[in-house]
Each structure stands twice: as structure tokens, then as C-alpha cells.
Amino acid sequence: MQHSAVPELAHTHTRPIHWVATAAALAAVVAAGGFLGPDKATAAQHGGIEAKGAPAAATPPDPAHADYPLDCGPAKILVQKKASGDLDGDGTPETVAVVRCDAGSGTPPSGVYVLTAYEGSTKARVVATLVDPKDRLSVQDFALRDATVTATLLGYSSPDVPSCCPDVNEGAQWQWKNGAFVRSTPPTARSM
């Protein structure tokens with residue numbers, strides 16, 4: 001073994017104080033990054049053009065602050081899924097919420113509601129019902145893209161089918177056209 005011609009330097013050995021100083025410096029960098037980081041990202045839907053006079057970063061309605069036309073008795077209303085975007089092209093985001101009663105067991109039917117915000121309030125209001133719980137449908141694969149709401153609806157071919165086991169599966173989509181939400185069937189994927 002060959003020894004170094006340079007004597008051992010004292011500052012090349014780590015001591016606990018070195019680790020403490022390194023941890024403190026790293027914490028200071030992370031904290032400064034949090035304060036000096038970029039602003040929140042914003043995205044515009046429906047073509048990326050905002051309507052004149054609309055706020056640049058409008059907050060979508062919160063589905064937890066809405067009164068739904070749903071009677072759950074003693075059970076609570078459960079918001080299962082939600083998505084927000086500008087559905088009608090006015091530059092203000094709406095929220096679409098999939099809601100059902102929190103029954104604890106079974107498959108209670110879902111309702112799909114479009115919400116807007118009351119001006120100057122945190123309260124949201126229902127402006128359209130896309131799926132009524134009275135239709136005994138459950139919602140799966142829910143999405144909102146390019147001002148189009150899509151969902152897979154599970155239902156029943158007759159009243160004799162038990163509510164545990166839906167036997168009808170259909171796709172649905174809704175778009176705002178001529179002042180109303182119009183339901184259609186999305187194109188199916190074609191196999192080759």
C-alpha cells in the first residue's frame with residue numbers, strides 16, 4: 001500500500017456538524033423554492049379562448065356546496081365523481097357532479113348534475129340534470145373533455161332484475177347545443 005505524500009487534511013473528515021449544516025442549507029433551499037416558485041397553472045377548456053369580460057381564472061363551483069334534487073332520507077348525499085370545464089363557451093367553468101345517496105350497501109342510483117356558481121357566493125346551484133336517479137342508473141367511466149361529458153351508464157332491462165346486478169351497459173355523452181344539453185351515443189371503437 002502506498003501512502004500519500006500529502007498529509008491528511010482535517011477538513012476531509014465529516015463530522016456531525018457538517019451533516020447538520022448540509023440539512024439546514026437544503027431545508028432553506030426547499031423553503032425558498034416554495035415561496036419563489038411559479039404561479040399555479042391554469043388551463044382553458046373549450047378551444048382555449050376566454051369570453052370577453054370573463055374573469056381570467058374563475059373558480060369552478062364546488063359540488064360539496066350544492067343542494068341536489070335528491071331525497072336520501074337519513075342517509076347523506078355522496079359526491080362520487082366531479083369534473084369542471086367551460087361547457088357552454090361563456091368563459092366561466094361549470095362543474096359536473098355524479099351524486100348518489102350514501103346508502104352503505106347495495107347500488108343506489110346515481111344522478112349527474114351540472115352546477116354553476118352563484119355570483120359572489122361559495123354556494124353552487126344545479127342548472128341541469130343529465131341523469132335522474134329515478135331512472136335507476138349507475139354511472140361509471142365518467143369524464144369531461146373538450147366541453148363534452150361522457151359516461152358509461154349501468155341499468156336494468158326490467159324491474160325484475162335485482163338492483164345488485166345491472167344487466168344493461170350503454171355509453172352516453174352530453175354537449176351544450178342551442179341552449180340545452182343534448183344527449184347522444186358516443187361513437188364506438190372499431191376493431192380491425
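Reader: In what order do the elements of the protein chain run from the N terminus on?

Author: The order is α-β-β-β-β-β-β-β-β. That comes to 1 helix and 8 strands. Helices (H or I, at least four residues) and strands (E, at least two) are DSSP runs, numbered from the N terminus. The model is predicted: local features need pLDDT of at least 70, side-chain atom pairs count only at pLDDT 80 or more, and totals for chains, interfaces and linings use all residues. Residues are numbered from 1 along each chain as its sequence is written, and side-chain values use heavy atoms, with hydrogens and water left out.

Reader: Why does Ser138 count as buried?

Author: Buried means under 20% relative accessible area, exposed over 50%, partly exposed in between (1.4 Å probe, protein chains only). Ser138 has 8% relative accessibility, so Ser138 counts as buried. Ser138 is found in strand S5, residues 138-145.

Reader: Why does Val126 count as partly exposed?

Author: Val126 comes to 26% relative accessibility, therefore the label is partly exposed. Val126 belongs to strand S4, residues 124-131.

Reader: What is Val126 in contact with, leaving aside its neighbours within four places in sequence?

Author: Contact means heavy atoms within 4.5 Å. Asp67, Tyr68, Pro69, Tyr113, Val114 and Leu115 are in contact with Val126, its neighbours within four places left aside. Val114 sits 12 residues from Val126 along the chain, with 5.8 Å between their C-alpha atoms.

Reader: How many of the residues of the protein chain count as buried?

Author: Of its 192 residues, 27% count as buried.
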